[in-house]
Amino acid sequence: MNKLYWLDQIKLQDRAKVGDKAFYLSKIIQRGYPAIPGFVVSAEILRQFLENLNSSESLVADLPHSSLHLDVTNWRQLQQVASRLRQEILTATVTQEWVSPIFQAAREWQTSCLILRPSLTVSTATPGINNNISGLLESVFCQCEPEAIALALKRTWSQIFRARSLLYWQHLGINLQQINLAVLVQPVENAIASGSLTTNASGWEIEATLGLGIAIALGEVQPDVYYIQPETGVVLEQQLGNKMLAYGVDDAAPKVFSQPVPNSALTPDRTCLITYMLPEAQQKQYSLQEEYLQQIIALGTQLVSELGKTFTIKWTIAGQTTSGKLYITQVSPSKLISHTHFIKGLGAAGGRVVATALVIINPQQKPEQLPKGVILVIPTITPDWLPFLQQVGGIITEQGGLTSHAAILARELGITAVVNATSATTLIQTGERLLLDGDRGEVYRIKGDSKEEMDKGREENLLSSHHPNPKAPHPAVTSHLPMIATQLLVNLSQSTLIEQVQNLPVDGVGLLRSELMVLNILNGQHPNTWILSGRQAELLELWSEQIMQFARAFAPRPVFYRSLDWRSQDLPSLRDSLESSPQSMLGERGTFSYLQNPAVFELELQALASVQQGGYTNVNLLLPFVRTVEEFIFCRRKVEQAFLTEVAQFQLWMMAEVPSVLFLLPEYVKAGAAGISIGTNDLTQLLLGVDREQGQLAKVFNERHPAVMSAIAQLIQMAQSAGIPCSICGQAPALYPEIIDKLVEWGITSISVEPEAVERTYQAIARAEQRLILAAARQKLN
């Protein structure tokens, strides 16, 4: 093969061969900064590999000269093409002529583990295309063995043929000849901590976690964050993250971690990594000792003279618990970063979108319709805004937390959203062009309307989209998913999402939110208004058809329909018809409201009966916000009067969200509760005394609080003792997937999440179950 390009020897003319990631890191190394050593397998090797692919398929035979232009609107076909191309690459042979030099060079590091980082450039005249492309491909870990290196190379190369990548090339008119994919090979050592430093003129931000940085990249931890004043290096504020696990290399496990567990879900074939569950005491400590924090700040201060005031580096502190050395692992200079955020909120629904702002000061004054694709900036969003949100590209609210209506609606609809963005309606003007980052909870202002800025905006939107429809969940590829025993369910309310969701690897609908579902048919009126005006039969027909759409799509899988749980502030007409305070998070909620006014609940039960009569027996009833056993018995009798229980498969469940259920569950079971579903949103706010709609209390509203986790564990144990299933449908598992380990260990029977969280929740459940199986096997051996 052609020579390997060592980082300390790369020249300017080598840039296209080694890619931007390797090129910028080489500049830092050559200027004397500490960086992990490495060498590059040039982009030319991939070209030769593709030309030598031996296949009878014309698709593969033409690959070296392909434009990669496909019908990306046909998502199923796109997935099939992507799968075939990647399979051809993964089953092909990488010659020893290439593998041997890589292996011999890597052996010089005397390491057992390697990381292969994609280093990509695209040859095109279109400005800015390379700026955001690095996030398209992921690094691959492997053992330092010839066979493992060959497989890791193929895995790295094959990523340019993933469906997401093909979509990106298609939209930007890029063909294969323009793609230069080199591979940066580096040794992997155990790390005390890893993370990133992001700088700009207004402030610096350091993110850190224990062990290797892959825990952050996979979203399996919430890193610690340090906010630094650039001029003085003073730490202005620090926030403790949520770190239940860490990654290390399996030949020298750090002593600070608890029993290591192989992470077979990450790389199924002989991974060199190990996942470590951190002791609880260590989870409560910051990742960085003061000396290491000061070293990172000092390094940032030095790099300002090299890179300017705006850049991002990724770093690692390699070594054991008592001594380590700081290294740079990745560099993004200022010219790769064109925006700095001017508003910081809470990232409520992930993704990045660039669009024009539309500011609405008064949420009570709704427009007839919203322009398509705008970023809606508004003080708060109530459920009656749902019909207006179908067209928006992003949402920014000044109020609300991660479990507010705005956050829940945005996650279900797949709309990028930031909540609790203080003074957003004042700082942003209608017509401004914004970049909205729902992952980081940041809002950026894009200056000017130049072609380059517009191109950058289009790239942001493309890179944040996993699907031709950016509001649709990522389609599941179920053929390679491990089997799981814990049921995975999905939370839904919108029938428009059924087609996109029904083929996800879920066992049914764990939460069908009726109050959001019926907003599509009520025309802004309270159901009482329909009943009093003599339109009960019309409403019943519409309601039944809405439920039947879900029953039909998911049959024979179960659908758990949660009956109405409106609060007085949710609809203007509700404020008129109920006496509760508009600011109350409680009021006449849930089953208590059925006692006060049973007409609407009886109509719901008639709608469920109509669905049963239509031949669908997979719909169950989930009672919301049950305060007393008497309320439950009242509802059970109404259910019996509607003849729902005459269908053998029908089950009457209740939400476990009012803390009194911790003491009364045996009584509820005696009264006929066939199962419970834990609602972590209300359970948390009632246990901790914090209004979940108040974003400024986000630090206090913590669904991982020991009191909340203890309550969840107790509910699961009580359900097991009573012999009934226990599900969880609140936001906690989706927002904090690290708690899934505990849920599975405690014996949760099902987990229900928003569509966008299905894929990562599936993998988290699989990992949790694998750890339990391994722990049981070890215990048996011992």
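**Entry 1: helix H4**

Which residues of H4 are buried? I started here, keeping in mind that this is a predicted model. I found Trp75, Leu78, Gln79, Val81, Ala82, Leu85, Glu88 and Ile89 on the buried list.

Next I checked the length of helix H4, which runs over residues 75-91. At 1.5 Å a residue, its 17 residues should span 24 Å, and the end C-alpha atoms are 24 Å apart, so the two agree.

**Entry 2: the sheet**

In what order do the six strands of the open sheet come? I read S9-S8-S7-S6-S13-S14, with antiparallel pairing. Strand S9 (235-239) and strand S14 (324-332) stand at the edges. Each has a single partner strand, so one side of each is left without a neighbour in the sheet.

A reminder to myself: strands of a sheet pair through backbone hydrogen bonds, either parallel or antiparallel.

Then I picked one pair to follow. Strand S6 (residues 191-199) and strand S13 (residues 311-319) are joined by eight bridges in the antiparallel sense. I traced threonine 199 to its bridge partner in S13, which is phenylalanine 311.

Which helix packs on the sheet? I noted helix H10 (residues 290-307), which touches S6, strand S7 (204-210), strand S8 (224-228), S9, S13 and S14. The direction of H10 makes about 140 degrees with that of S13.

**Entry 3: the cysteines**

How many disulfides are there? I counted one disulfide. Cysteine 113 and cysteine 272 form this bond, with their sulfur atoms 1.9 Å apart. The pair links distant parts of the chain, 159 residues apart. I located cysteine 113 in strand S3 (residues 113-122), and cysteine 272 in the loop between strand S11 (260-262) and strand S12 (273-277).

Are these two buried or exposed? Cysteine 113 is buried, with a relative accessible area of 0%, and cysteine 272 is buried too, at 1%.

Cysteine 142 is buried, with a relative accessible area of 4%.

Cysteine 144 has 13% relative accessibility; buried means under 20%, so I put cysteine 144 down as buried.

Notes
Residues are numbered from 1 along each chain as its sequence is written. This is a predicted model: local features need pLDDT of at least 70, side-chain atom pairs count only at pLDDT 80 or more; totals for chains, interfaces and linings use all residues. Side-chain values use heavy atoms; hydrogens and water are left out. Helices (H or I, at least four residues) and strands (E, at least two) are DSSP runs, numbered from the N terminus. The expected span of a helix is 1.5 Å times one less than its number of residues. Buried means under 20% relative accessible area, exposed over 50%, partly exposed in between (1.4 Å probe, protein chains only). Two strands pair if DSSP finds at least two bridges between them. Contact means heavy atoms within 4.5 Å. Axes are lines fitted to C-alpha atoms, for helices over the stretch in contact, and angles run from 0 to 180 degrees between N-to-C directions. A disulfide is a pair of cysteine sulfur atoms within 2.5 Å.
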